[in-house]
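Reader: I have a model open here. Can we go through a few side chains?

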Amino acid sequence: MSIPTPTLDVTVLKHTPSGEPVEGYRLDEEHPAPFKASRWSLAPGFTSDWDQHDVIELWFVSAGTGIVSHGGVTFRVNTGDAVYMPSRTRHRVHNDGTEPITLFSAWWAPEKGDANRG
């Protein structure tokens with residue numbers, strides 16, 4: 001018996017300020033995921049637009065370095081780091097390195113009564 005393999009739908013959601021595509025990932029309807037995801041890069045010297053939304057978001061830095069600002073705090077991130085952003089937390093990243101910074105982002109709606117809801 002073979003296990004069905006989900007189909008991954010990849011679409012360009014938008015472009016970063018440095019022109020790279022933000023690739024959105026979605027599994028097929030037969031294999032729904034409880035989150036949405038994207039992968040994106042930002043060229044050296046560029047800063048992402050400020051973002052703020054109702055969903056909870058988690059960034060994984062897969063390459064590069066940068067400065068993240070969120071919730072009134074600013075800190076350095078490096079390859080392998082993860083950044084958790086509660087719902088309605090304003091956030092962005094600046095690439096102050098010499099190579100592109102690449103992030104994988106996953107986001108999901110907070111559950112009713114979730115303490116991480118902004």
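Reader: Is D54 buried or exposed, or in between?
Author: D54 is partly exposed, because its relative accessible area is 48%; buried means under 20%, exposed over 50%, and partly exposed in between, with a 1.4 Å probe and protein chains only. This is a predicted model, where local features need pLDDT of at least 70, side-chain atom pairs count only at pLDDT 80 or more, and totals for chains, interfaces and linings use all residues. Residues are numbered from 1 along each chain as its sequence is written, and side-chain values use heavy atoms, with hydrogens and water left out.

Reader: Which residue forms a salt bridge with D54?
Author: R88, with the closest N and O atoms 2.9 Å apart. A salt bridge here is a side-chain nitrogen of Lys or Arg within 4 Å of a carboxyl oxygen of Asp or Glu. R88 sits in the loop between β7 and β8 and D54 in the loop between β3 and β4, 34 residues apart; strands (E, at least two residues) are DSSP runs, numbered from the N terminus.

Reader: How many salt bridges does the structure hold?
Author: Three. One of them joins the side chains of R39 and E23 at 2.6 Å, N to O. R39 is in strand β3 and E23 in strand β2 (residues 21-27).

Reader: And what does R76 pair with?
Author: D96, at 2.5 Å between the closest N and O atoms. R76 is in strand β6 and D96 in the loop between β8 and β9, so the pair ties together parts 20 residues apart in sequence.

Reader: New topic. Where is N78?
Author: N78 is in the loop between β6 (73-77) and β7 (82-85). The C-alpha atoms of N78 and T65 are separated by 4.4 Å.

Note on methods
Helix = DSSP H or I, 4+ residues; strand = E, 2+ residues; numbered from the N terminus.
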